[in-house]
Amino acid sequence: HELLLFGGFQIEHRLSVADEAVSSAGSAGCRHRVYIAVYRASRFCKAGMTTSALSRSVEVSPFQFPLMLQLQRTRQPPLACRFARRRSAKAARPIMRTVHLFPPSIFASVTASAFQRWFAPEVTTEHEHWVVVPSGSQSSLPADQIRAPGLRWLRDTEALLRLVLLPPGTRLVVHGLFGGRLYLALCLRPDLTRHASWMIWGGDLESPAPSGPKHRLLARLHAHAAGSFGQLLSVMKDDHDKAVVRFHATTRWQSVFYPGIIDDELLAAASEHREPVRALKRIVVGNSASDSNRHLALLETLSGVSPDACFYLPLSYGDRRYRDQVIEAWRARFGAAVTPMLDFMSLPDYARFLASVDCGVYYYERQQGLGNILMLLALGKPVYLLEGSQTERFLSGLGFAVRGVSLFARELGGTAAPELLSGCAHNRELCLRLFSDRACRQAWSRALGIRTAQT
């Protein structure tokens, strides 16, 4: 009888199970051989030291992991397997299970759909996407807008239990640190987090304010979880550098971005509603009802300006109290020219809306709303950013012709200058090249170690 073991992890326990298996077989006088597959030659010694856990009727033969796979296919003896062709071993690689954790976000559905399209034919990878909803709260996004094949909705308590009970070897990709129960689950499974990837979102680098014992505990769990990941993922290197300084995180980093932003079909459909930029009269401001949008600070820079323009404020999700303050302040200043957008729009509808405006203004200090900004650039629209902000430095470093908010007050309502229009054409071409679907697939393949025919 031959028993094949995937060894290395908990090999002592696996050998004892093997001993019970051959003992219960009841085949007296038979000889049993156990092949222990380990990843590194240094573990041969460890495997050999544990042979005392087996009965004398079992022979232990340690050899390298790809060789066991070839043996499983061809039933060759171990010595012959050592010289087997490597491509046969690669073809028999086991499936790697990867679990993605998301908060309720449109990125969950577009990522799940893209991964299904890119990696479903690959038999060596299996991706699961969990949308974790905090208990006692409702998502501000309609559920039908965040549906996709392979997307599973879980309450955070259930997600905590599932995460803690994941088998060893499961690969985690955490898209944003978004709750205390998630912090706790990550701290309870250091064997998973040390090999997991953290996709940094803008708010992740801001720990909960320690205003009480509960918040102090959350801050400590947040910092511990953020510093325990084996790999960091982000669009901008600045986010990784901040995480290293703040949480003593790993220096292993990969640059990735979310799919669906620069989608050929989406842009083609949106371009049918695209209006040429002649004057800055239809302006979209910010992307959510979060105070990091700094709507009120931007409004102060427009004091004394009386433009003939319309302002669109996307406020469909975020802090309701802040949303009401923004609407009150902007309407007190510009009256009926302000249009709050309180209903969530699907991605195609939002792309068509952005194609109809003249420009976008974003007064962020940190990285935020990059998908909105890139979509505007891909549609050939001018974008105004806070001078010296993280996003402005990132896009300028890539060669984009972005404009400072200080110019916005002077150019608002006026005719678009020729240099503004030429910059829009340059931005459109550069954005379609750097943030294409192919570039996105290649970035995620590198980050997750997935080899496909297309990459």
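This is a predicted model: local features need pLDDT of at least 70, side-chain atom pairs count only at pLDDT 80 or more; totals for chains, interfaces and linings use all residues.

Trainee: OK, which residues touch the most other members of the largest nonpolar core?

Mentor: Leu395 and Trp444, in a core of 57 residues. A nonpolar core here is a set of buried Ala, Val, Leu, Ile, Met, Phe, Trp, Tyr and Cys residues joined through side-chain atoms within 4.5 Å. Buried means under 20% relative accessible area, exposed over 50%, and partly exposed in between, with a 1.4 Å probe and protein chains only.

Trainee: And which helix gives the most to this core?

Mentor: Helix H16, residues 370-378, with seven residues. Helices (H or I, at least four residues) and strands (E, at least two) are DSSP runs, numbered from the N terminus. There's also a second, separate core of 29 residues, with Leu192, Trp198, Leu205 and Leu221 among them.

Trainee: Back to Trp444, what is it in contact with?

Mentor: Leaving aside neighbours within four places in sequence, Trp444 is in contact with residues including Phe115, Trp118, His175, Met199 and Tyr258. Contact means heavy atoms within 4.5 Å.

Trainee: At what angle do H6 and H20 cross?

Mentor: Roughly 80 degrees, and the axes of H6 (residues 106-119) and H20 (residues 437-448) come within 11 Å. That makes H6 roughly perpendicular to H20. Axes are lines fitted to C-alpha atoms, for helices over the stretch in contact, and angles run from 0 to 180 degrees between N-to-C directions. Under 35 degrees counts as roughly parallel, over 145 as roughly antiparallel, 65 to 115 as roughly perpendicular and the rest as oblique.

Trainee: Who makes that contact?

Mentor: On H6 it's Phe115, Arg117, Trp118 and Phe119, and on H20 it's Asp437, Cys440, Arg441, Trp444, Ser445 and Leu448.

Trainee: Is Arg441 buried or exposed?

Mentor: Arg441 counts as buried, at 7% relative accessibility. Arg441 and Phe119 are 322 residues apart in sequence, yet 9.3 Å apart in space, C-alpha to C-alpha.

Trainee: How about H7 and H8, how far apart are their axes?

Mentor: The axes of H7 (residues 156-164) and H8 (residues 180-188) are 9 Å apart, at an angle of about 10 degrees. So H7 is roughly parallel to H8.

Trainee: Switching to strands, how many residues of S7 are buried?

Mentor: Five of the five in S7 (residues 171-175), so S7 is largely enclosed by the rest of the structure. Arg171, Val173 and His175 are on one side and Leu172 and Val174 on the other.

Trainee: Which strands pair with S7?

Mentor: S4 (residues 96-102) pairs with S7 in the parallel sense over four bridges, and Val99 stands opposite Leu172. S8 (residues 197-199) and S7 also pair in the parallel sense, over three bridges, with Trp198 as the bridge partner of Val174. Two strands pair if DSSP finds at least two bridges between them.

Trainee: What's the strand order in the open sheet of six strands?

Mentor: S13-S12-S11-S14-S15-S16, with parallel pairing. The edge strands are S13 (338-341) and S16 (403-404), each pairing on one side only.

Technical notes:
Residues are numbered from 1 along each chain as its sequence is written. Side-chain values use heavy atoms; hydrogens and water are left out.
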